[in-house]
Amino acid sequence: MSDIKPLRSLAAGYLTGLDLSPIDRAWEFIRERHAGQYYVTGEPYIDHLLAVGSTLASMRLDMDTIVAGLLHGTLKESVATMEELTKKFGHDVANIVDGATRITKVKYNSQLAHEAENIRKLLLAMGADIRVLLVKLADRLQDMLNLDAVDEEERRTKARETMDLYAPLASRIGIEWLKRELEDLAFRYLLPAEFADLAAHMESTMAERQTYVDEVIGILHQKLKANKIVPVRIIGRPKHLYSIYKKLIAQRIPLERVYDKVAFRIIVRTVKECYQALGTVHADWPPVPGRIKDWISAPKSNNYQSLHTTVAGPHGHFIEIQIRTEEMDRVAQEGVAAHWAYKEGQKISSGDARLFKDLKRLVQSLQEVEDPSEFMESVRGELFEPDVFALTPTGEVRELPRGSTPIDFAYAIHSEVGDTCVGAKVNGQIVQLKHELQSGDIVEILTQKNQHPRRAWLQVVKTSRARTRIRQYLRREEKERSLKLGREICERELKKYNINLRGLLKSGHLRLLLKQLKCSTLEDMLVRVGSGSITVPHLLRTLEPEEFREAEEKRRIAEMIDRAQRAAEGAKSGAARRTTIDIDGVDGMLIKISQCCRPVPGDAIIGFITTGSGISVHKADCPNLQATDPARWLDISWSGAPNATYRAGLLIRSENRKNLLADISSIISADDADIVEVNARTTVENVAELNILIEVVNLAHLQRLQQHLLQMPEVMEVRRR
């Protein structure tokens, strides 16, 4: 049977003097409420809850977090209510359980919007109380340890989610042992063959590796003692499998050439001894250039402090050595849990304060991203492993991914600095904004008040924070343009029917109009009209009375038929319809546009020299052209005649309804295109198929028209023919 005693013993070991009865009460509560429920392994569900609580206690967390870990399934399984939890265990416990429950059903490869919304909930809950994330991480660790009990699809889904979200979050709050564990477990299920090969190799070389570890530790003790440094301890441990695999992929080398499979850690008593030990190591073992990192004077954002160096050690093998104090080592392993801010009477450290501030800034920046795909991109981008550590002129460190530019650095300082960035100095020298930063660079950002983000910046920035801010600015700019254009379009079109926006506001019809158009505000409607997502015909249909619509439909159809008849008569009078068009590459020859593919300016074209009929102009991918003799092809390109029009055929497939032809005609007319010919039929499935011959100025004109036609709700397809 499950036993609460080991958990109580763990908690009693550090929660000295505290009443442990909340743990007992939580245990009795879940035993009663989850009776008869089973975990995916087939074991009682309370065993899983006990394992989560024990993991949290092993991290030496506060009482409320342990109790919340025991209770974290109660709301998910609907065996308790928030009111019950609050009454029995207090507000903090209830809120942690609620936060962990609301983000339990994140499905990594499910519908994108659903996935993004659940991860957004996780980040919000994490920003409100970091203990929500700690409970989720402990829960996820237990799920990963028992992943063999679920089917293949769920295994891969959970493993991918763990690798992309939970392991990076564990790293972000500095719990390095948990990050390593989650990565290796995810690696096992995402790349089972690679995992098995690497694990087998590490197992087969264990004895050889241990001999080498013992040799290196002995040498280090001798070197340090000779320099009057007495280390607290020296540890040699194998690197975790996923970190070795990443090195294989990044450096594209075989496993045999990865020499630093073991990391050595020298623990000393003082910061001064850290630097003395580093000098001692480098005295006999030459360091690898660029691999010395000082995170003592400039700690990572998750409070990590240590000296790192890679040296050519005994037998020419490269070995990584980390040097730090005992307190630094504790923080490196336990992260945010090392000096827990929620412990009774304990004041929050400056490092933890900076970490919490950074996490809140992360949550705030991601909350501003609305598009689900962009949100997911931003989440993954924010949880990067930093490769570049650059400094401000005052010595503040900014952590960035490899390839980052001064623009990324500017946005890492503050969004306003990024928005107004005009240049940068790196190590005192002016550089281009696309310059790639290196670790140790001192970066000074130059700003001007009238500067603003450029679309071209998106091509050079690496951080999701910079990319998100630039996109937000560009969207605001686009919205302002759409608002202005939408207002002009509405005022112009409504004026034709003696309607204006002010009149709509006074008459009270605006509320009905917005409801029918599914817009929240007048500004929303104007922006959507300006962007083309609400077409003018759609707007007018919403405003016009039914009788007027019918009369207008008859007028439009009559006008369209008349135009088509006149065009047909013109075509008869010029049977060959040949014209001389100014096209580069052809001089003084008769030109005709091929009617099989009907190219328009903007299309890639090729001329075909006909027998006695001049040059026929085809689209480069025209099937008829491809069947001809290439020896008679001629390289040509469009030029001149900016006001000329060209005929193009469109096939429109749509759900059949009343007024369809009139609305299509209105959109074509609103886009300044002319209809030459219309052929329409209705299929047995009540799908309207319209073959329309129109006159446009160029390819961009034609594509814009196609886009506006596709915005009609019932239109299924618009393509050239």
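## Asking where the labels come from

Q: How do the axes of helix α10 and helix α11 cross in this predicted model?
A: The axes of α10 (residues 176–190) and α11 (residues 192–204) come within 5 Å and cross at roughly 120 degrees.

Q: Why is α10 called oblique to α11?
A: Angles from 65 to 115 degrees count as roughly perpendicular, and over 145 as roughly antiparallel. The crossing here is roughly 120 degrees, so α10 ends up oblique to α11.

Q: Which residues make that contact?
A: From α10 there are Asp184, Phe187, Arg188, Tyr189 and Leu190, and from α11 there are Pro192, Glu194, Phe195 and Leu198. Sorted by class, the contact of α10 with α11 has 6 nonpolar, no polar and 3 charged residues.

Q: What makes α20 and α23 roughly perpendicular to each other?
A: Helix α20 (residues 464–495) and helix α23 (residues 522–531) pack at about 90 degrees, with axes 6 Å apart. The range for roughly perpendicular is 65 to 115 degrees, and therefore α20 and α23 get that label.

Q: Which residues of α20 and α23 make the contact, and how do they divide by class?
A: On the α20 side you'll find Lys479, Ser482, Leu483, Leu485, Gly486, Arg487, Ile489 and Cys490. On the α23 side they are Glu523, Met525, Leu526, Val527, Val529, Gly530 and Ser531. The contact of α20 with α23 divides into 8 nonpolar, 4 polar and 3 charged residues.

Q: How do you know whether valine 696 is buried or exposed?
A: Buried means under 20% relative accessible area. Valine 696 has 1% relative accessibility, so it counts as buried. You'll find valine 696 in strand β19 (residues 687–696).

Q: What does valine 696 touch, leaving out residues up to four places away in sequence?
A: Valine 696 touches Val600, Ala644, Thr645, Tyr646, Ala673, His701 and Leu702. One of these, threonine 645, is 51 residues apart from valine 696 in sequence. In space, the two are 5.2 Å apart, C-alpha to C-alpha.

Q: Why does valine 460 count as partly exposed?
A: Partly exposed sits between the cut-offs of 20% for buried and 50% for exposed. Valine 460 comes in at 24% relative accessibility, so partly exposed is the label. Valine 460 is in the loop between β10 (443–447) and α20.

Q: Which residues does valine 460 touch beyond four places away in sequence?
A: Valine 460 touches Gly403, Thr405, Ile407, Asp408 and Lys434. Aspartate 408 is 52 residues from valine 460 along the chain, and their C-alpha atoms are separated by 9.0 Å.

Q: What makes α27 largely enclosed by the rest of the structure?
A: Of the 11 residues of α27, 8 are buried, so the helix is largely enclosed. The buried ones are Leu660, Ala662, Asp663, Ile664, Ser665, Ser666, Ile667 and Ile668.

Q: Which residue with a positive phi follows α27?
A: That's aspartate 672, with phi near 60 degrees. Aspartate 672 is in the loop between α27 (660–670) and β18 (674–682).

Q: How do you know whether lysine 228 and aspartate 672 are buried or exposed?
A: Exposed means over 50% relative accessible area. Lysine 228 has 77%, so it counts as exposed. Aspartate 672 has 65%, so it counts as exposed too. Lysine 228 is in the loop between α12 (206–226) and β1 (233–238).

Q: What is the mean pLDDT of the protein chain, and where does pLDDT stay under 50?
A: The mean is 81, and 78% of the residues reach 70 or more. pLDDT stays under 50 over residues 341–345, which have 9 contacts beyond four places in sequence. Residues 571–580 are below 50 as well, with 11 contacts beyond near neighbours in sequence.

Q: Why go carefully where pLDDT is low?
A: Because the predicted coordinates should not be read in detail there.

Key
Residues are numbered from 1 along each chain as its sequence is written. This is a predicted model: local features need pLDDT of at least 70, side-chain atom pairs count only at pLDDT 80 or more; totals for chains, interfaces and linings use all residues. Side-chain values use heavy atoms; hydrogens and water are left out. Axes are lines fitted to C-alpha atoms, for helices over the stretch in contact, and angles run from 0 to 180 degrees between N-to-C directions. Helices (H or I, at least four residues) and strands (E, at least two) are DSSP runs, numbered from the N terminus. Angles under 35 degrees count as roughly parallel, over 145 as roughly antiparallel, 65 to 115 as roughly perpendicular and the rest as oblique. Contact means heavy atoms within 4.5 Å. Ala, Val, Leu, Ile, Met, Phe, Trp, Tyr, Cys and Pro count as nonpolar, Asp, Glu, Lys and Arg as charged, and the others, Gly among them, as polar. Buried means under 20% relative accessible area, exposed over 50%, partly exposed in between (1.4 Å probe, protein chains only). pLDDT is the predictor's confidence in each residue, from 0 to 100.
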